Amino acid sequence: EEICNEDACPEPAKVFNYASIGAGAQILAASEGTKEKESVLIDDDDRYLMTPCQTKSSDSKTPPVWWFVVQLSEDIVVESIVLSHYELYSSSVNEFMVLGSATYPTDEWQLLGTFSAQPKRGEDTFHVNEMWARYLKIRVLSHHGDEFYCTLTSIKVFGSTALDGLQKEFSNLNQDLENLLVTTSSSESIDSSSSDEVEELEEDE
């Protein structure tokens, strides 16, 4: 194990949750019967969103689903989401869809992916098709268990802002420049050595 002092060890990378109520995220809408919906934005394992697992649908051809819409704290390139479930006496998320949009309300949600959560207590991480979004809609298509109520403890959303993108691009440019300088320096050293060798041969003649 590496041992170092404060000066020698770099700080660990900070991962920001853009679906935190403390950062300004909100639940804008949810399916009928959903209770305590803001709980999924709070980092507290004892609080949870609760909703009937079988919700009514206006379209008889559409299977019953439950859903909610999250407004993230700011516009980001969404990269991954984490769902957590800790409640014992309830059903949990199984198959679900993640939809994204830069505006809300909207009828043009973009699909970031369809996933299946594990039937377990704890966190489950899902890497989505990356896209710019400020609003996410989670549509739960099926559930684990046979309890009447489904619960979800929290949702966390991770990604990068425009500033993060610029900083990464700037860092890559700096790295490319450093590599170019090293290559140029190496080339000049080789040319200098070759020139010295030629001068020595001429002197010998």
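The protein comprises one helix and 10 strands in a model that is predicted rather than experimentally determined. Read from the N terminus, the order of these elements is β-β-β-β-β-β-β-β-β-β-α. Contacts between residues 24 or more positions apart make up 73% of those with a separation of 6 or more. Among the 205 residues of the protein, 36% are classed as buried. The accessible surface amounts to about 13200 Å², and carbon and sulfur atoms contribute 48% of this area.

Strand β7, which spans residues 122-140, takes part in pairing with strand β3, formed by residues 66-85. The two strands run in the antiparallel sense and are linked over 15 bridges. Within strand β3, which covers residues 66-85, valine 77 lies opposite tryptophan 132 of β7. Strand β7 also pairs with strand β5 (residues 95-101), again in the antiparallel sense, over six bridges. Here glycine 100 has leucine 136 of β7 as its bridge partner. In a regular strand, side chains alternate between the two faces of the sheet.

The helix of the protein, α1, extends over residues 162-204 and includes leucine 180. Leucine 180 is classified as exposed because its relative accessibility of 52% lies above the 50% cut-off for that class. Together with Leu177 and Leu181, Leu180 forms a nonpolar patch on the surface.

Notes: Residues are numbered from 1 along each chain as its sequence is written. This is a predicted model: local features need pLDDT of at least 70, side-chain atom pairs count only at pLDDT 80 or more; totals for chains, interfaces and linings use all residues. Side-chain values use heavy atoms; hydrogens and water are left out. Patches are made of residues with over 30% relative accessible area and no salt bridge: like charges are joined within 9 Å, nonpolar side chains (Val, Leu, Ile, Met, Phe, Trp, Tyr) within 5 Å. Accessible areas come from the Shrake-Rupley method with a 1.4 Å probe; for residues, only the protein chains shown count as cover. A salt bridge is a side-chain nitrogen of Lys or Arg within 4 Å of a carboxyl oxygen of Asp or Glu. Helices (H or I, at least four residues) and strands (E, at least two) are DSSP runs, numbered from the N terminus. Buried means under 20% relative accessible area, exposed over 50%, partly exposed in between (1.4 Å probe, protein chains only). Two strands pair if DSSP finds at least two bridges between them. Contact means heavy atoms within 4.5 Å.
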